[in-house]
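This report looks at a set of paired strands and at a charged side chain placed among them. Please read it alongside the sequence and the structure shown here.

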Amino acid sequence: MNELLTHDGPSANKVDLSLTDNAVEQVKRLLARNKCDGHGLRVSISDGGCSGYSYKLDFEKEEKSGDIVLRFDNLKVFVDPQSAGYLKGTVIDFTSDLYGGGFKFSNPNATGTCGCGTSFSA
């Protein structure tokens, strides 16, 4: 795994979420490809999926009221307070290999996961 980047800012102590170098660079590539200048990444949890909860990644221009805003190498990451507890200690990585690739979530709060890698129970 690549070196983890750290977050900064006054709200950084409310969520312990990390993105690897590979994840940050892939998000930046996707933002550029989609012409989303000035946007950041929203990381959230929603009900559903095979195991009860699903990870959700979206591009967003601005933070919403109550959001926790993290910075990883000039990339803004927005996390809503409801998702923050489920994401505590989570590391998001991006991998590519012969079988495909994608964003991978390593979440110490997950009590079970699904084969898809984007669904978990807590």
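## Strand pairing

In this predicted model, strands E2 and E5 run parallel and are joined by two bridges. Within this pairing, Arg42 stands opposite Phe78 in E5; Arg42 itself belongs to E2, which covers residues 40–47.

E5 also pairs with strand E4 (residues 68–72), here in the antiparallel sense and over five bridges, with Phe72 standing opposite Leu75 in E5. E4 and E5 form a hairpin in which two residues lie between the strands, and Asp73 in the turn has a positive phi of about 50 degrees. Because four of the five residues of E5 (residues 75–79) are buried, this strand is largely enclosed by the rest of the structure.

## The surroundings of Arg42

With a relative accessibility of 6%, Arg42 counts as buried, because the cut-off for that class is under 20%. The side chain of Arg42 makes a polar contact of 2.8 Å with the side chain of Glu60, and another polar contact, of 2.4 Å, joins the side chains of Arg42 and Asp67. Leaving aside residues up to four places away in sequence, the residues that Arg42 touches include Lys56, Leu57, Asp58, Glu62, Phe78, Val79 and Asp80.

## Confidence

The protein chain has an average pLDDT of 82, and 77% of the residues score at least 70. Over residues 1–13, however, the pLDDT is below 50, although this stretch has 33 contacts in the model beyond near neighbours in sequence. Where pLDDT is low, the predicted coordinates should not be read in detail.

Terms used:
Residues numbered from 1 in each chain as written. Predicted model: local features only at pLDDT ≥ 70, side-chain atom pairs only at ≥ 80, totals over all residues. Heavy atoms only, no water. pLDDT = per-residue confidence, 0-100. Contact = heavy atoms within 4.5 Å. Buried < 20%, exposed > 50% of the residue type's maximum accessible area, 1.4 Å probe, protein only. Polar contact = N/O pair within 3.5 Å; in protein donor to acceptor, adjacent residues only side chain to side chain. Pairing = 2+ DSSP bridges.
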